[in-house]
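Work through the two exercises below with the sequence and the model side by side, and try each task before reading its solution.

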Amino acid sequence: MIHYDLHCTACGHDFDDWFGNMADWEARKADYACPACGTARIEKALMAPSLGAAKKAAAAEPACNPAVCGNASCPMAAGF
Ligand SMILES: [Zn+2]
């Protein structure tokens, strides 16, 4: 079983439902009716839209503290 957050593009209603698997969703989405307005214009909500930004932030190097930096060629220590 797989849980999807769903969004109706017709009325903007957000809801969720369970499907057997991704293929089950793909097979049913064409005539899957919105529980609020009955329109079959349902999209799977995007998951974790900030994933790319979080990954980039985690990869950034930690700021060097010149006071305790033991690297003589450290660019951060040049002004000290
Ligand atoms: Zn709707």
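A residue is called buried under 20% relative accessible area, exposed over 50%, and partly exposed in between (1.4 Å probe, protein chains only). The model is predicted, so local features need pLDDT of at least 70 and side-chain atom pairs pLDDT 80 or more, while totals for chains, interfaces and linings use all residues. Residues are numbered from 1 along each chain as its sequence is written, and side-chain values use heavy atoms, with hydrogens and water left out.

**Exercise 1.** Determine which protein donors hold the zinc ion, and why their arrangement is tetrahedral.

Step 1. Taking as donors the N, O and S atoms within 2.8 Å of the metal (3.2 Å for Na, K and Ca), with water not among the atoms so that sites may look incomplete, one finds the SG atoms of C8, C11, C34 and C37, 2.2 to 2.3 Å from the zinc ion.

Step 2. Four donors count as tetrahedral if all angles lie between 85 and 135 degrees; here the angles are 106 to 115°, and the arrangement is therefore tetrahedral.

Step 3. The donor residues follow the spacing C-x2-C-x22-C-x2-C.

Step 4. With relative accessible areas of 42% for C11 and 36% for C37, each of these two residues is partly exposed.

**Exercise 2.** Find how many salt bridges the whole structure contains, and identify their partners.

Step 1. With a side-chain nitrogen of Lys or Arg required within 4 Å of a carboxyl oxygen of Asp or Glu, the search finds two salt bridges.

Step 2. R28 pairs with D24, their closest N and O atoms being 3.4 Å apart, and E26 pairs with K29 at 3.2 Å.

How values were computed
Tetrahedral: all angles 85-135°; square planar, octahedral: opposite > 155°, others 65-115°.
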